[in-house]
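The sequence and structure come first.

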Amino acid sequence: MDSWLNHVQKHAALSVLCCSVAFRILHRLLQTVPRPSIVTADPWRSWKWKNLSVSLVHSLLTGTWAVACIIQHPVMVHELRSTYTPPSYLLVILSSGYFIQDAGDIIFSGYAKASWEFLLHHVLVIWCFLYAVFTHLYVAGAVVALFVEVNSVFLHARLLLKLAKVAPNSLLYSINKLVNVLTYVVFRLGAQCYLTWYIVYHYSSLDHAFYFLVTMSLMDIMILIYFYRLLCTDFFSKRRPDRSSYKFADD
């Protein structure tokens, strides 16, 4: 295992690139999967469906993987700077490749302006994850950060349901929105709060603590705003007129 890990670490950039290519291939393969007619009739909805489908696969894989890594080696939760296992390092490489591919997909598709929130999120994640990949520091921190992908499964499912025009009062949508808000609090807000607290508490002993604290603060603001919008839309909403412009992260 150590020899395999050393080989991957020596070719970290190539490993990340291979993961990006793999997710791009997945994007192509998902084009063959049947989609609702309301989605295929609109080029923007069709692209967004494929993009979210790739994101859903990533979330299912990495969310489960991250939880398994912590169960296997719980000490990583308490030592975010220097402790990690080979599977956890590979997880960060895989996820780095996904975020790079997804950012490229958004930019080259021509929807960057409509999805600037996602691009900002991806830039923040990419620099943190690549730092971990190339320095071998904060790999455990990246694994804990990937706990949010447990919630992303239901967050992406919610957007797919909205794209397919599934009624908000339907049983499927109602169940998903309840599980979504529950996992948002436990896995997304919980992970973000813990990481922010860890950086503040250990600030003097962490490498580049200022940059990570700024990054986490921006992420905290983003997820709190999105949580507020999520609650307003799914639990306290009033019907709003359709907006003329496309927006990637629809409320």
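The sections below go from the overall fold to single residues.

## Basis of the values

This is a predicted model, in which local features need pLDDT of at least 70, side-chain atom pairs count only at pLDDT 80 or more, and totals for chains, interfaces and linings use all residues. Residues are numbered from 1 along each chain as its sequence is written, and side-chain values use heavy atoms, with hydrogens and water left out.

## Overall fold

The protein has 10 helices and 0 strands, and its pattern along the sequence reads α-α-α-α-α-α-α-α-α-α. Helices (H or I, at least four residues) and strands (E, at least two) are DSSP runs, numbered from the N terminus.

The radius of gyration is 18 Å, which agrees with the value near 18 Å for a compact globule of 251 residues. This radius is taken over C-alpha atoms, and the globule rule is 2.2 Å times the number of residues to the power 0.38. Along the principal axes, the C-alpha atoms fill a box of roughly 50 × 35 × 30 Å. Among contacts with a separation of 6 or more, 76% join residues 24 or more positions apart; contact means heavy atoms within 4.5 Å.

## Surface and charge

Of the 251 residues, 50% count as buried. Buried means under 20% relative accessible area, exposed over 50%, and partly exposed in between (1.4 Å probe, protein chains only). The protein exposes about 12700 Å², of which carbon and sulfur atoms supply 70%. Accessible areas come from the Shrake-Rupley method with a 1.4 Å probe; for residues, only the protein chains shown count as cover.

There are 20 positive and 13 negative side chains, and the centres of the two sets lie 9 Å apart. Lys and Arg count as positive and Asp and Glu as negative, while His and the chain ends are not counted. Each charge is placed at NZ of Lys, CZ of Arg, CG of Asp or CD of Glu.

## Cysteines

A disulfide is a pair of cysteine sulfur atoms within 2.5 Å, and the count by this rule is 0. For Cys18, which is in no disulfide, the nearest cysteine sulfur belongs to Cys19, 7.0 Å away. Cys18 is partly exposed, because its relative accessibility is 45%.

Cys128 is in no disulfide either; the nearest cysteine sulfur is that of Cys193, 17 Å away. Cys128 has a relative accessibility of 16%, so Cys128 counts as buried.

Ser20 is found in helix H2 (residues 12-29) and counts as buried because its relative accessibility is 10%. Leaving aside neighbours within four places in sequence, Ser20 is in contact with Gly97, Ile100 and Gln101.

His58 belongs to helix H4 (residues 43-72). With a relative accessible area of 0%, His58 is buried. Not counting residues up to four places away in sequence, His58 touches Phe23, Gly63, Ser95, Tyr98, Phe99 and Glu149. From His58 to Ala132, 74 residues apart in sequence, the C-alpha to C-alpha distance is 19 Å.

Leu230 lies in helix H10 (residues 209-235) and is buried, with a relative accessible area of 3%. Beyond residues up to four places away in sequence, Leu230 touches Leu155, Arg158, Asn180, Tyr184 and Phe235. Leu230 and Ala191 are 39 residues apart along the chain, and 18 Å separates their C-alpha atoms.
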